[in-house]
Amino acid sequence: MAKIGRNEPCPCGSGKKYKKCCIDRPLVYLDDGSVGIMDERTEQAKLNLERGYQLFYEGNEEDALPFWDSLWNEFIRDELQDTPMEELDSKIASSEIIANWFYEYPIVLENAAGNDPAVAKRLWDFCDTVVADGIGFPPDLEQRLELMRAVALSRMGSRSEADEEFRKLSESYPDFGSIYVEWALHLKSASKEKAMEVLRQGLEKCSELEDQKMLTEHLEHLRAEDDD
């Protein structure tokens, strides 16, 4: 891997020695084997990613969220249509993995949403944009983001739209157990019987033992509530 000597010209093109110019800024290793200096916008995205993860690992999701919101709104959203997922990692050049972030950011948003329609709308916007514009995303992530989009509609109070999304998802991915769980949670406040019916539907269609166990536990929980 190419390196830059402290007394060599700075790759930014300023004409100054590297030690007198960009030595404290992140480097980017280019496809031709040369070395460049990370631009300020990308550097800020890297800092937002890493600071958010630091707080996330400490169990402080609430404080992590503003950093990840900035990462999404000021960098990744604009990169989606032109940059495959695997290239985002090399572009930001962080020890953290952007592919993992696409799984974790919507979970943090969902946890923050609670009954707040405004945060739920942010979750819906993220999932809908990534599903529409993302390049090179693995099928399991696309399925999860489509499901989170339906969850966001439910949290926003768009009950009929959410119900229709859950129905479509159950037809597109009939063996994805989490769809039936989230659908049942959506239906529970209006009709426990419909929620249980959805869980029974999932038990019929899902063959994985882990899904069967999850669906059974949720169904038994609803039955226990009726007994109480």
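Helix axes are lines fitted to C-alpha atoms over the stretch in contact, and the angles between their N-to-C directions run from 0 to 180 degrees. This is a predicted model, in which local features need pLDDT of at least 70 and side-chain atom pairs count only at pLDDT 80 or more, while totals for chains, interfaces and linings use all residues. Residues are numbered from 1 along each chain as its sequence is written, and side-chain values use heavy atoms, with hydrogens and water left out.

**Helix 1 and helix 4**

- The axes of helix 1 (residues 40-57) and helix 4 (residues 98-113) come within 12 Å and cross at roughly 55°, helices being DSSP runs of H or I of at least four residues, numbered from the N terminus.
- Helix 1 and helix 4 are therefore oblique to each other, a term for angles that are not under 35 degrees (roughly parallel), over 145 (roughly antiparallel) or 65 to 115 (roughly perpendicular).
- On the helix 1 side, Leu 49, Tyr 53 and Phe 56 meet Ile 98, Asn 100, Trp 101, Glu 104 and Val 108 of helix 4, where contact means heavy atoms within 4.5 Å.

**Cysteines**

- The structure holds zero disulfides, a disulfide being a pair of cysteine sulfur atoms within 2.5 Å.
- For Cys 22, which is in no disulfide, the nearest cysteine sulfur belongs to Cys 21 and is 3.6 Å away.
- Cys 22 is buried at 5% relative accessible area, and Cys 127 is buried at 0%, where buried means under 20%, exposed over 50% and partly exposed in between (1.4 Å probe, protein chains only).

**Glu 204**

- Glu 204 lies in helix 9 (residues 192-205) and is exposed, with a relative accessible area of 70%.
- The C-alpha atoms of Glu 204 and Trp 101 are separated by 33 Å, the two residues being 103 residues apart along the chain.

Terms used:
Helix = DSSP H or I, 4+ residues; strand = E, 2+ residues; numbered from the N terminus.
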